[in-house]
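The sequence and structure come before the details.

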Amino acid sequence: MKNTNRVAVVALFFAFSVGAFAQAVFNIVTVPGASSDALIAINNAGQVLVNSGNQVSVWTRSGGTQNLVMSGTNSSGAAINNSGEVAGAADPSHASQLQGFLWHASGGSQWLGSLGSGYRVATGLNDAAHVVGLSQTATNQQHAFLWQAVGGMQDLTPGVTSTGGATAMAINSSDEVAGYYFPNGSVNTLGFLWTQAGGLQDLGPAGTLAFGIDDEGRVIGQMPVANGYRHAFSWTQAAGFEDLGTLGGGESSATSMNRLGWILGTSQTTSKTGLQHGFLWTAGAGMKDLNTMGPFGSKNQRTYSLQANDYGVIAVSTNKGGFLLSPKMSVK
C-alpha cells in the first residue's frame, strides 16, 4: 500500500525500546464491534477496517463507526487504502456466490466483475484504488487478477490450470503484485511476484506463500525450512530470502509491513497451548512477541490478523476481539 496521507505528527518520537520488550511499550484501545478472529486493517489516517459478522465498517477513535452499505450478504472487508477506500467481497445475489467489491468513502460501492464465472474475491488494493484478488474463469479455474477502473479485470495467471489455481494477495504503488499459485501438476504452492513488464516470477521453494509487498518491492510471507516447518520470510530482488525465525515454536508467517521497517505476522511460541501470537520484527531487534509488548492482560491470547500503519499504530484481531496498539510517545 502506498502511503501518501499524513496525520498531525508534530515533533514526536517513539519511546520504543525493543530491547526492553518485557515491559509494555504500547498503549491498547479496544476496537468496538470487531468480531473475534476477523480480518482487520488500518491506514495512515487512523481509519480501521472492521469486520463484525456480515457487517463491514470503518472506525476511528475520533469519528466512531461508519457502516459500509452493501447490497449483498456475507460481506467481508479485506483492505483499506489511505483514502479510506475498502476492498472485499460480498454476495449480492444471495446465492452463495461471492463477488469482489470496491467501496468509495465518497459514495457507494461497485462490483468488480469476474474473469469468466463463479466466485471472485478482492484481497488487496493500493492508493490508486487498483484491486487484486482471485476469480474463477469460464472453465472454473481460480486465477489471480488485477482490477483497474480503466480496463477492468486482468488475468495475471492465464496459463494456470491446476486445481488449486492462483491468488493475488497484495499490490504496491507501482502495481507490482505478490501472491501464490499451484504450478500445473503440483500439489504445492509457489510464491510469485508479478509485474506488468516482467510477468510472473516464481518465489521460493515448493510450499512458499507470498502475502505482502511494499513500495520498495520487498515481499513477505511464509516458506518451508529444513526442519520441515514453515517460517516467516522477507525477500528482495537484491538480497534474496531472509528467514525471520519464530517466537520459539515451529512455525511463523509474515503478513504485513510498514515504512518504519516493521514486519508483522503470527508465530507459534514455546507455550504448549498452541496459540499463535502476533509478532513485530525489526532488522535491529529481530522478532518480538506482541503479547508481551502491549497490556492485553492475557498471555493466552491468539492473534488472527494484524497490520501497522506508518506511524506505528497496529490494528490487531484476536480471539478476544479487535484492538489498536499505539506506541508510547514522548514530546521533544
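## The pair of strands 28 and 29

Valine 316 stands opposite phenylalanine 323 in strand 29. In this predicted model, strand 28 (residues 314-318) and strand 29 (residues 321-327) are joined by five bridges in the antiparallel sense.

Both strands belong to an open sheet of four strands with the order 2-29-28-27 and antiparallel pairing. The edges are held by strand 2 (26-31) and strand 27 (303-308); each has a single partner strand, so one side of each lacks a neighbour in the sheet. On average, and with direction ignored, neighbouring strands of this sheet are turned by 20° against each other.

Another open sheet is formed by four strands in the order 11-12-13-14, and the pairing is antiparallel. Here strand 11 (116-125) and strand 14 (152-155) are the edge strands, and because each has a single partner strand, one side of each is left without a neighbour in the sheet.

Tryptophan 147 stands opposite methionine 153 in strand 14. In general, strands of a sheet pair through backbone hydrogen bonds, which may be parallel or antiparallel in arrangement.

## Positive phi in two loops

Asparagine 140 is not a glycine, yet has a positive phi of about 65°. The residue lies in the loop between strand 12 (131-137) and strand 13. Is asparagine 140 buried or exposed? Asparagine 140 counts as exposed because its relative accessibility is 53%, and the cut-off for exposed is over 50%.

Aspartate 175, also a residue other than glycine, has a positive phi near 65°. Its place is the loop between strand 15 (166-171) and strand 16 (177-181). With a relative accessible area of 17%, aspartate 175 is buried, since buried means under 20%.

## The chain as a whole

The protein chain has 30 strands and zero helices. Of its 332 residues, 53% are buried. The accessible surface of the chain comes to about 13,700 Å², and carbon and sulfur atoms account for 50% of that surface.

How many of the contacts between residues at least 6 apart in sequence join residues at least 24 apart? The share in the protein chain is 42%.

Terms used
Residues are numbered from 1 along each chain as its sequence is written. This is a predicted model: local features need pLDDT of at least 70, side-chain atom pairs count only at pLDDT 80 or more; totals for chains, interfaces and linings use all residues. Side-chain values use heavy atoms; hydrogens and water are left out. Two strands pair if DSSP finds at least two bridges between them. Buried means under 20% relative accessible area, exposed over 50%, partly exposed in between (1.4 Å probe, protein chains only). Contact means heavy atoms within 4.5 Å. Accessible areas come from the Shrake-Rupley method with a 1.4 Å probe; for residues, only the protein chains shown count as cover. Axes are lines fitted to C-alpha atoms, for helices over the stretch in contact, and angles run from 0 to 180 degrees between N-to-C directions.
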